[in-house]
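Welcome! Have a look at the sequence and the structure first.

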Amino acid sequence: MGLLGPVPVISRAQIRAAQVMPLKLRMGIGVQHALPRSDPPLGSPFPCPKMPLPPLVLVCLGWHKPTASGYGASSARPAHLCALAYPTLLSLRTRFMSSWDKDVILNILSILTGLLSVGTDRRVHYMISKGGSEALLQALVNMAHMPVLDYDILLPLFYLLAKIGQKDKKFGLKAQKLEAIDVTLSLARKNLSHKQNLTHCLWALQVYSSSVTVGTILGINGAIELLFEIITPYTKKHTRTTRAAVEALAALLKSKSNSRRAVNRGRVGQLLRLYDDWHRHDTSDSYIPIRRGLLLCLKHITNVRSGRECFLLSRGIEALFKTAQDCLRSKSLDPIVNTVTQILRKTYPKMPLPSATLSSSYSFSIPGSTRTQPLPPRPEDDREEDGEEEIEKDSENEEVENKEEDDDLETDIDKLMSKPELDRPESELAQYKAFCPELHWNSLESEPELEDDLSSEDIPGTLTCSCFHVIPSTASPKNEQKCKEKDQVTTVGKIPRRAFRGPLQSWVRKEKPSQKTGKVTQEELEPLVDSSNEAQGSDPAHRSWLHPLPKEASHDRRTPYVQRMNSCRPHRPKTVESSEVVRKLLERHPGNISFHNPWFYMSRAGCTRSIPGYRVLAFPDFWGHQPPPYSQSLQPRRYGIQKAKIFEDVRRLIQPRDKIDQVVFDSDCPSSLSSGAPDCLKFFSRFESGNLRKAIQIREFEYDLILNADVNSSQHHQWFYFEVSGMKTVAPYCFNIINCEKPNSQFNFGMQPVMYSVKEALQGRPHWIRVGYDICYYKNHYRPFAEAAKGAQGKSCYTLSFSVVFPHKEDVCYLAYHYPYTYSAMMAHLDILEQTRNTKKIYFRRQTLCRTLGGNACPLLTITAMPETESSDDWEEFCERPYVVLMARVHPGESNASWVMKGTLEFLLSSDPIADLLRQCFIFKIVPMLNPDGVINGNQRCSLSGDDLNRQWLKPSPTLQPTIYHTKGLLYYLRSLNRAPAVFCDYHGHSQRKNVFLYGCSIKETLWQAGHNVDTTIVTEDVGYRTLPKILDKVAPAFLMSSCSFLIEKSRDSTARVVVWREMGVLRSYTMESTYCGCSHGLYKGLQLGTWELEEMGAKFCLGLLILQLKSLPCSKKVMAKAAALLDLEEEIADLRAQRSSSNSSLETDDELPHGDEVDYNTDSCSEQEGDFTELDKEIQECPSSLE
């Protein structure tokens, strides 16, 4: 077939012919196939130079069909075209080293251009690997040494250099080695008046500067001055050349030395003026790349301290802030606004937090510790170094994080398969026999029945000193003793039991219980008033428990309670009067909240020890919460909200005239605040689980808030829970929590904080509801102590900003990070559960596992089914049931874990037939709150010792971590009896992911993920650890199997999940993570999870355990028969699978990166990476054969 004939497809013979084409070219064969110099073949995406192309080359490139005007494009992609690259490069190098033949060289460059103009980057990388960069650079140097420069060859050569240089990471160093840098710089100087030639030179300079070393050399050789000569003064002539010069300058200024050189020569002010000129004259937004290029120059210059200082002296913040306001109107200007935002955030003067110290307001003397508080004074000198290192980290963020994630995987086979020895003498395990009376049925037979009759002192509602006291400095010994007795065996009155709506397998939301609305009179509200000023500034020892204020006083409806202290003092009078007020209020508004009783709560709260000396109850905890009868969707994120918040912060700096800047609440010095300040909100947080350290009024309706650190710590600022009052109606209030720590939050993905209104509650709507709009979480300009960052420079603070419109004027509202669940609420809930159980069917024992550092009881629950008869066989079956161990709330700020545990407990103790069957299958050992002290004192993560208790499981201290020590001891004891749990699960909350999911432990999955080969003869593993997550994925609407992970990480080596798996040999050892936010899949897709859904998850976890027992664990025929009568498992799972699939018509990925990956809310990372040459690649593709 002739070369000029039609070729429908490319044969292998033609490919082989194409591979030898360079040899023919070298010999001069085929060069005379001169085609008319015409436009590039149809379909070429690049404007190739107008030169003849050999027909076979056109065939191989896919342009095979001759037409009247040239060759048409082939629809078929040719194969093995990379084979042309290497011999063509050899031909190019040989031709330049031998005789000069312009036509041959042009043909060779044409072939290379065609090869690189189609297909993927694989061709470019192949050419680089075969020395393509060196060949082209050498050709450039040789051409520059010719007596007469031929730009017909130089221009396509520069084109190829720019094309290949983008992908060659060592291109700049190669150019330096071959002396191509000086050649290119010299050619640029010679062509200042010839813009087309100059533009091509500038492209090459830009790719050379990808190496900081080469960029520095160019700067020394005068490249920066040359580029400033090209871009100044402002003109719209030759804009393509100006754009190339600006982008080359931005690349050069990535070098610190070049940035300092530009600063020393006054280029910062020059760049600002030039940017302002382009901004003012570009009314049609036609030159966005030039404007952004100038901003990138400023961004790189401000990476060095001298650049930031010069930028501030040149009033750069004001200039960019002003110009950016004009760019907010259009999305097309986002590249401008984003870069301005990064510059402003970087150059905004770093400020210390407006707080006396970074350490907690509260301190606790740790037994045997020599640690002193507070931390050393804040250093006044500016220790911040040049910021380029942080910027470089951002640009490689994804690679680094992925590498760190893999590096964290435990790959030591010996360690993974090891079984550590006991961390205590074996003789100590005998003490835990007292926590397992169910194993000793002979002692159970003789155990006396609990008395149901109560004395008048213990009946709820009776006005005695055991329930209510005027706030003394300490609780009475009598009250202390009664609390201890209740910790062992609770005997309180019965209240109505919350009923499940039918069997658990159909427990899907249809409607939520409603509460009758009642009217609230002013006379009823007045007795609950307790002015904020007095609460903050008066002497606690002399303040009455409840007292009326004039009608015009602000409503502060907090309910004081008895504080548990360390010594004894006499009680104050007025107890009966105060109790009478509460009694009348409760009679008027009796409420109908399941498993909650205000009297029980007050009684339990009176036994709670706190470090800050709490004297009041938060109204929501006292009154109770009922899930609202509706679901709340994920909050849509307003476009551009982050940039708007950052510009608002900048406006504070440059336009401070309207700032009030008045401290209105300070837990460190409450007596110093002025009372009754007009036109400001009143704040309060000194109650159980409360956390707010300081409130500063910025403007009339805007407040900056500072959170308290964990006790004996200087970090972990996330959990907040505070009261606010004195609000106006319809006015939106903006709250900025300015000392958050985590680099990202679900608040950026639809999560809202929660609010509780006292007026709404008294009108019959006692709901915690999601509120807030314009929610944004971003890095701010504050920074903590350098010492607090443990020597790590550059630790940043983050702002959570949200706006709220309160429902009523002069209301009292509570705002929290998530639905609060206090220690006193848990203890009162256990009181109620114990009295509402069926004692004939349910074995329930409540014991105190230990006392915490703060002196609070840590309850341990045992739940199972009573033996059906008194026969020895039934008692033996009772004792031999497998164990399930559940725990929650080791991290105090994860209140969602307590709501899930609440659902688990209520279901296990319910009359549901599935719950009854489950109790017959297992003995449950439950620690519902592992860190009571942290919960009580408003901590986020730590106990009073300042330790993260979930990192203390390897060698817990009986003194510093008693709850962990004794929980592990109980597990050791069960293992010593060959009764290690069948399932262990630790309930947690997750702040950066949606849905509910499990973490488990698998050796094989860990090794596979790390890229290690697994020897199956050595590593044998039961895959049963996946069974329970798979079941939950089918039966629990909020659960998502694809979010589960079974990797063992070094950083998690001391967590409960890993230690119980490794040391106790529990195959199904899990951490269950519940989102603070909502769901991305399933029935609840697009919804935020409320307490109802969290409790449902706890109940569904129980259903999953039952199905696991029936499908995977040994099970008696009697239990199987009962299960068959109760539910058809296959039908049940199929129904739930259908429900999930119907709500997920198409699989959708999460709207955020996996845990640990940062999203672009940092504002120090560039949302459009300028270092990947995207703009340059686009420019050289669009470049016409002739310029302006």
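## A buried arginine

Helices (H or I, at least four residues) and strands (E, at least two) are DSSP runs, numbered from the N terminus. Is Arg 846 buried or exposed? Arg 846 is buried, at 1% relative accessible area, where buried means under 20%, exposed over 50% and partly exposed in between (1.4 Å probe, protein chains only).

The side chain of Arg 846 makes a polar contact of 2.7 Å with the side chain of Asp 831. A polar contact is a pair of N or O atoms within 3.5 Å; within protein, one must be able to donate a hydrogen and the other to accept it, and residues adjacent in sequence count only if both atoms are side-chain atoms.

## Where the model comes from

This is a predicted model, in which local features need pLDDT of at least 70 and side-chain atom pairs count only at pLDDT 80 or more, while totals for chains, interfaces and linings use all residues. Residues are numbered from 1 along each chain as its sequence is written, and side-chain values use heavy atoms, leaving out hydrogens and water.

## Aromatic pairs

How many aromatic pairs does a search of the whole structure find? The search finds 38. Rings of Phe, Tyr and Trp (its six-membered ring) pair if their centres lie within 6.5 Å; planes under 30 degrees apart count as stacked, over 60 as edge-to-face and the rest as tilted.

Tyr 756 and Trp 768 form a tilted pair, with 5.4 Å from centre to centre and 55° between the planes. Because Tyr 756 lies in strand S13 (residues 754-757) and Trp 768 in strand S14 (residues 768-770), the pair ties together parts twelve residues apart in sequence. Tyr 756 is buried at 0% relative accessibility, and Trp 768 is buried at 2%.

Tyr 987 and Phe 1101 make an edge-to-face pair, because their ring centres are 5.8 Å apart and their planes lie at 80°. This pair links distant parts of the chain, 114 residues apart: Tyr 987 is in strand S23 (residues 983-990) and Phe 1101 in helix H42 (residues 1091-1112). Tyr 987 is buried at 1%, and Phe 1101 is buried at 0%.

## A charge over a ring

Arg 424 lies over the face of Tyr 965, 3.8 Å from the ring centre. A charge sits over a ring if NZ of Lys or CZ of Arg is within 6 Å of the ring centre and within 35 degrees of the ring normal.
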